Each structure stands twice: as C-alpha cells, then as structure tokens.
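Okay, thanks everyone for coming.

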Amino acid sequence: MGRTYPAHEIAQLTRGDGEVIWADGCLAILKALLESGVAYVGGYPGAPVSNLTDAFLDAEEPILKPMGIFVANNVNEASAAAMLRFSVHAPVRGAVAWKVVGTNVAADALTHVCSSGVKGGVVIFVGEDYGANSTLVTQKTLPYGYNFGAPVLDPKADLNHVAHLTRLAFELSESCQMPVFFLVRTRVGNMKGFMRTRENHSPAVNLKQPLTGLANEPDRFPIPPFTQQQERERWHERVPKAKAFIREFGINERYDGEGRKGVIVHGLLFNLAVRALMRLGAVRAIEPVAVGARSLDNSSSPPSNSLLPASSSSLPAPVLPTPCSPFAPAVPLLSLHALFPLVEDEVAAFLEGKEEVLVVEEGEPALLEREIRAIAQQIGFNGRIVRAEYLPVTGELTTDAVTEGLAKFLGDGNGATLVKPELPELSGLPLVPRFPNFCTGCPERPAVLTAVKIFRDRHPDARFEVVLDIGCYIMGIYYLRDLVSPVTGMGTCLASSLATSFLTKARTIYIVGDGTFWAQALTTSISNALYHRQDCVVLILENFWTAMTGHQPNPSTKLGAHSGNLDIEATLRGMGAQWVKVVNPYDVGEVVRLLEEAWCLSEIGPRFLIVRGECMLERSRRERRERERAAQQGQRVTEARFGVDPLVCTGDHSCLHYNNCPSLSVRPSPNPLRRDLIVQTEPTCLACGLCGSVAHAAKLCPSFYRIEWVQNPRWWERWLFKLRRWLIGV
C-alpha cells in the first residue's frame, strides 16, 4: 500500500523517556498507546482517523509485532467493536478506531460490551467531524456516550495533551470498567508538531506470551437476568467512579480570570476560544487554577512557559524551539475535556459568583448546555446560561464566529481591552476552482461514468436509477445527477431500492466497490437482493484497495499475508448468483456490451458485473518504483503517453463528455478557420487506454494517438530513431 508514514517517522515510536519526536495527532496517539501497554489494536479507516489505522499497519512489522501487539485490519466497525470482548474477560488493554458515522455500524456490538463492562482498558478513537469536512453527514458522538454510559474525552489541539489524555483514558476505562470514547477531530488528527515521549511498555499478554485461558463468568453475559444487575452497576457504580477519576486527575481545566462573566468550552474549542480572545486582547500572563489534584506520575511541578494549567502537571515540558504561548484567557474559562460524565461540583464551583456564562458548544443536540442548565437549576444559580444569543447553534464553529460571539458577550465591562480585529480583505483574491473528480487513470471512471453514459445514450427510453454506495465512485453524482438516487449509508444503498424495484417501472444499476462490498454490502444489500430476486444490475468495482480512505488493504487486496483468502466472484456464485461476469474496465465497449446483456436478463434476479482493475494510484506508484530500479540497472524501460493530433481534432468535445479525465484540457486550434477550442493531453496522462477505448465505443473522432518513451533503448532502436528523423527532415 502507499505508505502514510515514512520509515523514519515510524522509527520514532521506539524513542524513550524524555526524548522528542515530530508527529501528527494520529502518530502521537499511537506512541501513547505503546507507552500504555496496549495489547491489540484495530478498526476501520475513515477520516479523520484514517491516519491512525494507517499507522497501525505501517508500524505493524517494524514496531508492533516485535512488541507482541496484535494488529487487526477489521472489515467493518462492527467487527472492530466486537473484538473488544477480549477486554471484557481479561485485564488486557485494547484500542480501535473509526470515523464518527462508523459508531452507527458498531453500536450493536458496543451495546453488549458496555453492558458487560471491561476488565482491561478499552479506548475507542472516533474521528469526530461535525463540520462534515471529511464525511457525508453531520453527527456527534456524545449522544452515544449518554446512551451507553461510556465516558467521552475530547482533547485540545496540543500533541502533549493528546498523548497525556490517551494514557489517562486507559486508566479511566479500568477505573470505571467501561470503554472510553476519545474524540479525534479533523484539526487534532492532522495537526503536526513536537512531542516529548515516554518509555514503551510491552503488554503482559501478547503474541509471544498468549493468555492460557479466559475466565468463565456467566454474570458478565449481557442476557437476563444479568443485564438488570449490569444496568445497576453501570449507572450506580461505573459512572460515579468515572466522575471521581475525572475529578481526581484534573481532566477538565479551569482558568480563573477577572470579571463576573464566564466561558465554558470543550476540546478543540479551547484553542478557538483562546485564539478569539487573543484577537480581542482578552489574554494575560498565565495563572491557572487546578480543578483536579493528582496525576499519574510523580511529577509535581507544572511545565514553565506553558498554556497548560496546574491540573495537567504530568504533561511533558514544552519542546523547544517552538515554545508554548505564555498567555491564558483573562476571563474565567472552564475547558471540558471529559464531556460525559460531567462532574457536577466542578461545574457548580465555576458557576459560583458569575452573572452570565456562555457555553461554547458545537452543534446540536446541545447536550452540554442542557446538562449545565440542569446543574445551575439544582444549585439555585441566579445568573444566565447563554449560547444561542451569541453563537451559531448548528454547523462547525470557526474562529471568526467565536470571536464575534465573545466580543458581543463580553462587552466592555469585563476588565479587558476588547478590540475587534481588522481581518484581511479576501474578496479580491482569486479562488482556484476545485471540483470533485476521479484520479487520472482511475479504473472506476470508465465503469461509473463512461459506460453508463454510453448505455443511456444508446437506450434513451430505458428507465433506470443509478444507486451509488459509499466510495470514490460516489462522485458520479456530479456527472449523473439526473439518474442518481440518495445515499442511505455504507453498504445499504441497494437494499434501499428494494421497494422501488417492485413498485415502479424503473430498474436499478447498483455501483459498489470491493471495500464496501466486504464491509457491509455483502450481508446487507447483496444477500437481500438475492433473497428477493430483485431486478437489478450490480457493478462491483474491484480495485483491490479501500481507496477512498487512503488505500488500506481489504479482503480483495492481492498483496500481503492475507492476500487470496477471499474472492468476490466465488462468493457470489456460492450464494446462488446465476449471472456473474468479470471485465476489464478500460475495455469500455465490452463493459457496455455486458451491461446490455445483463439488462435483458431481468427474470433471473440480480446480475453481477465485476469490473476488475487495480487502483491507478497504487498501481502507478508501484510501477514507477519498478521502472526506476530497472532503468538504474540498465534495462530497457518504456513509459506510454496518449496525445491528441491538433490537425485532426475538430473541437466537438465529445471525448470530454464521455471521459472527464483530469489530463484532458482545451486550447485554441492551430487552424485559423476553426474557432472551437480543441482538446489536448497534459503530462499527467498515465496511458490507461480509456481515450482510445472511448473513441471506439462511442464512435468518436480518431484524434488520439499513443506514444512510448524508451529509456536504455536497444542499438537497433537507436538506429531506427535516427533513420526516422532523417526521413522526416528530407
């Protein structure tokens, strides 16, 4: 696979106590996992935690396996969550990761694990993405914490704090015997900086020293009558223990400033609030006040020149040459890093003496605001709890929105000099247009766009809807907008068209990738369609990688220790599919022919067309390395390119309509009698062959040609090249 982390960055994971590494948020989390003695890791990739699952795989052979840590490349989030059962019966630490909507898939397994409770620490890293920068829909993890009774931690954008909170998360999990949700927001997972490390600890139970047996404890089974006892334990024992731990170790941070107006923030919003207050001039030299009292190590002095409060005295000292800011908010501020459960006495202590408190909470449902209001009512708070009057209640909070809200909230009576910043004028700057598109040479383009467009043009009276599942191919919505149906979730989209297939005259063309096929579609959509003999044509794009999230391996991947264990074609035939064909995606004419054949066989139920072609990014990376090695060894190496003859191209742009390749652009024609722009190819062309195939299948003009660049040519090739140049000159 294309490595996310180079070898020298992975090698930093072996560094010990007091050393410094350069990392992003996800690599910092992995280092903290190794320092915490984690025994097994897994998950399913999805932004913004794709880098974390990549780090698991990149570090598996050089770091994790030698330490005896088991690495699972789970096929979906449910299998990752179910794997946590190991920690229900054994005091073994484990960690998994998925994106925010993946919790929906994992919820059933998590319900059972949370009911039983855990003996070993379990941390679930969730890619929180409320702003929908990296996912399709907006969703928050916090409601799941309330539903399961599982603590939810939300770090600020500081690598040392992320690592510190990761270590605390395992201790918290074991203290309250519950899994812990750890939110990894987009800006936290992708930020980069220096971090001070600690010694790694190999787990007592590992691949080299496996557990001899699991304890048989029927009362841990999540079935009646044990579930009633587990429910009492969860809310009357485990949650109170979590609150006690959060209070004792000072996970939440409090800054005592001037004035009788206070601000409550959470996680990453601490960074936004401090940035906003700096813009407003409402900052001062740091004088933090500890909320908690104790840390995990014996360190007693807080780091100097730091923005961290005394409650976080166990954090490593800031790393030079980039010192932390010596400023802290000049207004009273409570930064919540444990969103659930809230510690009532911490919130009550902060509210004391305040006239008005602004809750800076991102999005809906506003669970923090509601719980803070409930605490205020219980203690007889006479001030106001506000949010909607000053901040947007939906959508991602930005620095500008927080700055404007704080300026209105603080007014002029809080002892700070509030100066509204003069932001740079951006309206005159040019904006580079960005339109979602398939990569150059992507094998999914000819199947999703070209073949379907040609099929529609050949059969204008055919009534059908194109059902796109979750994957790179979902970008087809921008090109087939009048044919595409709404998305209902990963692996469920064909099942969403079941009633449509029987109650309308429109047939279904379902497009799904191999990653989604194995993750969810096989059991949810494919089996459902075969059982009901649904009239549909299924295009399975087998590119051998989970490409959408960064080219992680899946059961179709042909490289690695698990290659060849599963086969899509054999699986479908074993399930009773009567029509299964395999085709090369770049042979557009054959793809269209098989689509037409499948279209006519409505009486046999689902028809499956497996479009098999490796992801071009992975293929080109591998082939580039192979060409470089061969050229260095003096071997003959060829590299193909396509071009457009400017004297033949007429400028009708049919190739752009059917192809949409990023390597195709337009330029003026050299013929002064032709005013239309003609097509040209860019140097990014990878010679996938789609241009020529489209020209043949769609009966376009033959203006495309193919050339080969040759390195280390043979003697007769050199002689023939010189002869051709001489003849052209004559």
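So, the side chains of Glu596 and Arg458 meet in a salt bridge, with N to O at 3.7 Å. Bear in mind that this is a predicted model. What I like here is that the pair links distant parts of the chain: Glu596 sits in helix α21, residues 588-599, and Arg458 in helix α16, residues 444-458, so the two are 138 residues apart. Glu596 is partly exposed, at 22% relative accessible area, and Arg458 is partly exposed too, at 40%.

How many salt bridges does a search of the whole structure find? The search comes up with 41. Let me show you a couple of others. Glu614 pairs with Arg622, and their closest N and O atoms are 2.8 Å apart. Is Glu614 buried or exposed? Glu614 counts as buried, because its relative accessibility is 16% and the cut-off for buried is under 20%.

Glu61 counts as exposed at 52%, while Lys65 is partly exposed at 36%. And if you like networks, salt bridges link Lys261, Glu356, Arg384 and Glu389.

Okay, on to the inside. The largest nonpolar core has 129 residues, and the ones touching the most other members are Leu30, Leu33 and Phe125. Helix α9, residues 159-176, gives this core its largest share, nine residues. Take Leu30: setting aside neighbours within four places in sequence, its contacts are Leu13, Leu52, Ala55, Phe56, Ala59 and Leu64. Another core, of 75 residues, lies apart from that one, and its members include Ile511, Cys536, Leu539 and Val588.

Now a strand. β22 pairs with β25, residues 704-711, in the antiparallel sense, over eight bridges, and Val644 stands opposite Phe704 in β25.

For a helix, look at α12, residues 269-279: its buried residues include Leu269, Phe270 and Leu272. After α12 comes Gly281, with a positive phi near 75°.

Last stop, the surface. Leu136, Val137 and Val487 make up a nonpolar patch there, with about 250 Å² of accessible area together. Val137 is in the loop between β5 and α8, and at 46% it counts as partly exposed.

Note on methods: Residues are numbered from 1 along each chain as its sequence is written. This is a predicted model: local features need pLDDT of at least 70, side-chain atom pairs count only at pLDDT 80 or more; totals for chains, interfaces and linings use all residues. Side-chain values use heavy atoms; hydrogens and water are left out. Patches are made of residues with over 30% relative accessible area and no salt bridge: like charges are joined within 9 Å, nonpolar side chains (Val, Leu, Ile, Met, Phe, Trp, Tyr) within 5 Å. Accessible areas come from the Shrake-Rupley method with a 1.4 Å probe; for residues, only the protein chains shown count as cover. A salt bridge is a side-chain nitrogen of Lys or Arg within 4 Å of a carboxyl oxygen of Asp or Glu. Helices (H or I, at least four residues) and strands (E, at least two) are DSSP runs, numbered from the N terminus. Buried means under 20% relative accessible area, exposed over 50%, partly exposed in between (1.4 Å probe, protein chains only). Two strands pair if DSSP finds at least two bridges between them. A nonpolar core is a set of buried Ala, Val, Leu, Ile, Met, Phe, Trp, Tyr and Cys residues joined through side-chain atoms within 4.5 Å. Contact means heavy atoms within 4.5 Å.
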